[in-house]
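Okay, thanks everyone for making time. I've got a few quick things to walk through, so let me put the sequence and the model up.

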Amino acid sequence: MPAPEEPVRRPATPAEIELAMAGLAARFQGLCALEKLEKASAGDRVDIHCLKLANPGEPDRPVVMIIGGVHGREYPPPDALIRFARALLTSFTDKSDTVFPAMTCRLLGRPPLSLPAFRIPYPTVAKILNRCDVYIVPLVNPDGRLHNMRHPPSDPVNEGWRKNRRPDPGGVEAKVGVDIARNFDIAWKFEDYFNLPLYLQRHEKPPADTVATGTRYRGPSAGSEPETDNVQRLIDAKRPRWFCDVHTFGRDIATSWGLEWNGATPAMTWRNPVYTGKRDGLPPGDPHLGALTDYQEYVPDEPPHRVRTNLREYAESMRNAILRSAGVDLDNHTYSPQRENSTYSTGQLAALYLADKGGPITGGSVDYAFKAQFEDPARAPVFAFVMEAGHADERAFDPSYSAADGHWAKIEREICAAMTRMCLLAANHGRLCLVATTVMDTPDHPAVAALRRLRDQRLGRRFDRLYGRVSPPIARYLAVRPWARFLVRHCVVAPAALLARLLTRNQDHLQTRDEDHLSAKTDDHLAARDEDCLPTRDGERVSTEDEGRGDGGDG
């Protein structure tokens, strides 16, 4: 059971990251491809690449896209994403679990934190690579990373180079660079999007800087930077349904929207000119609103996709995967150092900067990926997240890579646990589409539970594979035809569920209570080793049950 290669003892340079990506593509041909992105970097004009991880086979595969290294000073995400890719590829090829060894992390101002070994099981990896196309851009902004390495700040824990290295025409160093995280083509010109005076009554900072000397400078125009354009083109071409932008630091997993608080009114969208200059950027019910309209950016929650609900539940599922990797028992809510120092907050990206007196942000990658389902309904659903890995107790922007301190190793585990969970959610999500989501609206419907039990007890994996192939196109057909859903629901699913109950009744009498309990659950609950990042004890897997409906289920 191999560990994820040799320990990392320092941040990799951009050249070393490129070399590692090329090495993975050469070593795992057929599973891993290296793809050159459209444009070279703004300053040093170096090529930027992404990895595609997939075992081709099943049609209609969901696309997962993970990016890192948007900000130069944030060293851990690119290193961790290279290690994540290598762990998936090695596990799939060797048909072995990936084991992260037990470790100790020396948190600043706190007692040392002991973390158990945990593993990413091979069956989980097999599901991910057999069912998904996973695109990873480990280092979006190589120039910013290299500049921060060559010119380290005097206070690397709290400072460092954030932007790319777009040259200033006048040669003024203070005006070099654009913040890639504010340059995407989504509400980029926030003066038009917001009622800015109202926004600034509550928040001390605008959504982005408009002058080149600002660390959050949005750039001269939307998508102006080659690094931004690379990601936008990749999103537009590959059409991801799952997207995550990995940053440091904060222990947060946040969801779209970042530009406003989420709401349920379809007319309230960033594209609606009726609200130009009228959006408030304030938390719902904020007293600064007075008699003004409380604007909240629309996120649908109707079946079959229930995007608003599932965004929240999937973020919580990723958070729980990190807790389990730290050995936390989710059913035991008593205090433990592992729980305290491994708990990620979840919520909307719009609220992420409230503690720093900031508000919603514009021009972000997560919102750019998320908006695709509104511009083209055929691309729904899209689930988009940002992960802020690490913490001030782990030296913020400058975590120690030494084995004795353990900061980097802890952050690496957390990124790998969360990204594995997101990929697994993607792998399982499409399996719901015909019966559970499109026809019955929910995987928890009694008819769906009856059919699921019949599948688990009698039909086996061959049927599951066949169902996975035929159900997506049928689901797409039914999704836009209410009359067809009605007929299938009452003329096909209801009788089939009744027959399923009859066929499984006799077998139910022969099962033990524990077996009967397990048979009523989804595939994720049937075999925890197949579905999660599991803590280990003395080399043996510890039994753990998933946290519920946020797991993507099976149908």
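**Cysteines, a surface patch and a loop**

Let's start with Cys 32: the closest cysteine sulfur to its own belongs to Cys 50, and at 9.5 Å that's too far for a bond. Keep in mind that what you're looking at is a predicted model.

While we're on cysteines, are they buried or exposed? Cys 32 is buried, with 7% relative accessibility. Cys 105 is buried too, and there the number is 0%.

Okay, over to the surface. Which residues make up the nonpolar patch here? They're Tyr 477, Trp 483, Phe 486 and Leu 487, and together they have about 460 Å² of accessible area. Helix H15, running over residues 482-510, gives the patch its largest share, three residues. Trp 483 sits in that helix, H15. Its relative accessible area is 54%, and the cut-off for exposed is over 50%, so Trp 483 counts as exposed.

Last stop, Glu 204. You'll find Glu 204 in the loop that links helix H6 (196-202) and helix H7 (226-238). Glu 204 is exposed as well, at 59% relative accessibility.

Terms used: Residues numbered from 1 in each chain as written. Predicted model: local features only at pLDDT ≥ 70, side-chain atom pairs only at ≥ 80, totals over all residues. Heavy atoms only, no water. Patch = residues over 30% accessible without salt bridge, like charges linked within 9 Å, V, L, I, M, F, W, Y side chains within 5 Å. Areas by Shrake-Rupley, 256 points an atom, 1.4 Å probe, with all protein chains shown as cover. Salt bridge = Lys/Arg side-chain N within 4 Å of Asp/Glu carboxyl O. Helix = DSSP H or I, 4+ residues; strand = E, 2+ residues; numbered from the N terminus. Buried < 20%, exposed > 50% of the residue type's maximum accessible area, 1.4 Å probe, protein only. Disulfide = S-S within 2.5 Å.
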